[in-house]
Every structure is written in structure tokens, then in C-alpha cells.
Amino acid sequence: MRIRRTRTAAIALLLPALATCAGLYAGEDGAGRYRSSISLNADASAGIWTFRPVAAYDRDNDSTGPKKPVTIKPGPITVPSFWSDMNPNWDDDWKPIGNPRNKWIEQAEYSRAFDVPATTAGRRIKLHFGAVNHAAEVRVNGKLAGPKHYQGVVPFEYDITGLVAAPSKGNRLAVMVWDHKHLRDKKAPSKYAYPFGHAMWAHKMSGISQDVALHAVPKIHVKDVYAVTSVETMEITLKVTIRNEDVRARTVSVENDFRKIIRLRPTESSAVERALNSPGTVTVQPGSAERVMLKDRRPGATLWWPHRPPLYRLHT
């Protein structure tokens, strides 16, 4: 049985610039059933996501003097975005020293409705977040999707198969988000317990900052592909994580190939150039994951340059 998974991610600017695309494949009869994805992003003008500030003040903790609670009415918001970008009266860190700050939001809730199509029946439903700055608690239909997530620069996801029906309409998604102060070490308030990419101003950018999507995957699937490229050796090293959520052990093979991206405005296509070395088969026990590592050389790849940025897509 082959496994394929659809995923796109930037890898590097050094060696042949590479985007990974892994697909999901399952089925004893050899028929392909690829991962299906449903974007939950939306522009504020569509009114799909509702933003409700929960804790807002007239200034942030870095300002001198006491801060006073303020009330901000709920309204539509764009996802992904930082909430400080959505209203000029929120979190204004660019005012000259001595001027009063605008409203500072420390905690807010994002919410929306979503449907689960019939095509996802029999699969595992994953709720995926590209990133949320800086801490998040996720509820689906009023129930916790999983433990609270910290660190605003890394992706995370929850298995919500048991929280939704396939098909179903009008499911409720609520994401409670906290700003960077929620990451402070309780024993040493001047320090942070979690890294979050501190910069002059970036630590004060809060909200659902990357894509949100539903992924429907087979019980055995490629969970992650980690790629490292080398200009010196023209090698690519892949670490492929295979997850088995079936009740029995499964033996699978992993196949990879390079595809050069052909840009055809406003779309793009890709043609297979060559297959990578296969690591053979691997057996994954039920409820567990296995990591497969392989190396291959790509001496004929074109390097990435700013004036000539070719891209390759890796299919796993």
C-alpha cells in the first residue's frame, strides 16, 4: 500500500528551492483516497469569523500608571491576521513616547460556524492551525478539542473526529486567544516560559496569525515531512512520519518524487522529474507513529536565486 499526503510548506532558499507536497493514500484495493482539506479562513467583509475581546484595557502592562478596563464590541475579523492590524484604535505601539496608548487587548475569542461534508465520512477529522499568537484554547461544539496550545510560531492540530458528525452543518468553533503576557513565567514574571520570537514589536502582535483548515485523513497517513537540503553535496534528507490510527498494524511503503513547478498565471502545474530512493517498507503498530529517513542526491537541480527563483515540489 502506498501512502500519499497533500501538504505545502516552504523549506529553504538555498538548495533547489523546495516546497513539500505530501498526499494521503489508502485503500486495500489500490484506489487512491487523498487527503481532503477545507479552508476555514475568511475575510472580515464576509462576516464569517466573529471577534469578541474578553480582556481589554486603556494601556498595556509596559506603560506607566494603572490600566483601566475598557469595553470593545464584538465584530467581524479576517483570519488569518493579527488583531492589532484590524483596527487602528487597538494596540497602537507606534505612537510617540508621551502620547496615551489606545485600547490594549490581552484576551479575545474568535468564533465561527463550519460544515463537515459527507466526503469525510470514515476518515479522521483534523483541525489544523498554522499558528496562533501566543496561546490558544480551542472548543468545538462547546467541548475542548485538546490541551491549551502555547508558542505562537508553530503549527498545531487537534483530532476532532469524536466532536463532529460527517456529514453535519452548523458546527461551532471557538478559539480563545491570549497575548504574549500569558507566556510569562509565573515564578519569574520578567521572563517568558515559552519562546515566541521576541522582537522590538513582533511580540505584541496577537491573534490567529496563520491558516486554519479541516483535514480529513485516512486512518494511516503521512503526518509530517521534514526536509533538509544541502548546497555542498546537492543532497536532500527526508524524515517522513507515518501515523497509524487503525486498530491493527499496517505495513506500507513510502515513495517520493521531485516535480518542477511550472507557473501559469494565475495557476501553476508541476511535472514529475524523477523519483527519489525508496526506503522500502515499514510496519506501523496501531495507535503509534514511525519515522522513515532517506537521503538522495539531486545533482541536476537548479539553485534558487532572487533574480531566478525556480521551485520544486516534493510529493510523498
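Student: How many helices and strands are there in the protein?
Tutor: In this predicted model, the protein has 0 helices and 20 strands.

Student: What holds the strands of a sheet together?
Tutor: Strands of a sheet pair through backbone hydrogen bonds, in either the parallel or the antiparallel sense.

Student: Take the open sheet of 3 strands, then. What is its order?
Tutor: The order is S13-S14-S19, and the pairing is antiparallel. Strand S13 (220–230) and strand S19 (288–297) are the edge strands, each pairing on one side only. Neighbouring strands of this sheet are turned against each other by 15 degrees on average, direction ignored.

Student: Over how many bridges do S14 and S19 pair?
Tutor: Strand S14, which covers residues 235–244, pairs with S19 over 10 bridges in the antiparallel sense. For orientation in the structure, Arg 243 stands opposite Ala 289 in S19.

Student: Changing topic: how many salt bridges does the structure hold?
Tutor: It holds 10 salt bridges. In general, side chains of opposite charge can pair when their charged atoms come close.

Student: What does Asp 159 form a salt bridge with?
Tutor: Its partner is Arg 124, with the closest N and O atoms 3.2 Å apart. Asp 159 lies in strand S10 (residues 156–159) and Arg 124 in strand S6 (residues 124–129), so this pair ties together parts that are 35 residues apart in sequence.

Student: Does that pair count as buried or partly exposed?
Tutor: Asp 159 counts as partly exposed, at 28% relative accessibility. Arg 124 also counts as partly exposed, at 27%.

Student: What about Arg 250 and Asp 246, are they buried or exposed?
Tutor: Arg 250 is buried, and Asp 246 is buried as well. Their side chains meet in a salt bridge of 2.7 Å, N to O.

Student: Which residues do salt bridges with shared partners join into one network?
Tutor: That network consists of Arg 124, Lys 126, Asp 159 and Glu 245.

Student: Now the inside. How many residues has the largest nonpolar core?
Tutor: It has 33 residues, and those with the most contacts inside it are Tyr 110, Leu 127, Ile 160 and Val 175. Among the elements that give two or more residues to this core are strand S3 (50–57), strand S7 (135–140), strand S11 (168–178) and strand S12 (212–217).

Student: Which strand gives the most to this core?
Tutor: S5 does, with 5 residues. That strand covers 104–116.

Student: What lies apart from it?
Tutor: Another core lies apart from it, with 20 residues, including Ile 220, Leu 276, Leu 294 and Tyr 312. In soluble globular proteins, nonpolar side chains tend to be buried together.

Student: Looking at the whole protein, what share of the residues is buried?
Tutor: Of its 316 residues, 44% count as buried. The protein exposes about 16,400 Å², and carbon and sulfur atoms supply 53% of that area.

Student: Last one: what share of the contacts joins residues at least 24 apart?
Tutor: The share is 69%, taken among contacts between residues at least 6 apart in sequence.

How values were computed. Residues are numbered from 1 along each chain as its sequence is written. This is a predicted model: local features need pLDDT of at least 70, side-chain atom pairs count only at pLDDT 80 or more; totals for chains, interfaces and linings use all residues. Side-chain values use heavy atoms; hydrogens and water are left out. Helices (H or I, at least four residues) and strands (E, at least two) are DSSP runs, numbered from the N terminus. Buried means under 20% relative accessible area, exposed over 50%, partly exposed in between (1.4 Å probe, protein chains only). Contact means heavy atoms within 4.5 Å. Accessible areas come from the Shrake-Rupley method with a 1.4 Å probe; for residues, only the protein chains shown count as cover. Two strands pair if DSSP finds at least two bridges between them. Axes are lines fitted to C-alpha atoms, for helices over the stretch in contact, and angles run from 0 to 180 degrees between N-to-C directions. A salt bridge is a side-chain nitrogen of Lys or Arg within 4 Å of a carboxyl oxygen of Asp or Glu. A nonpolar core is a set of buried Ala, Val, Leu, Ile, Met, Phe, Trp, Tyr and Cys residues joined through side-chain atoms within 4.5 Å.
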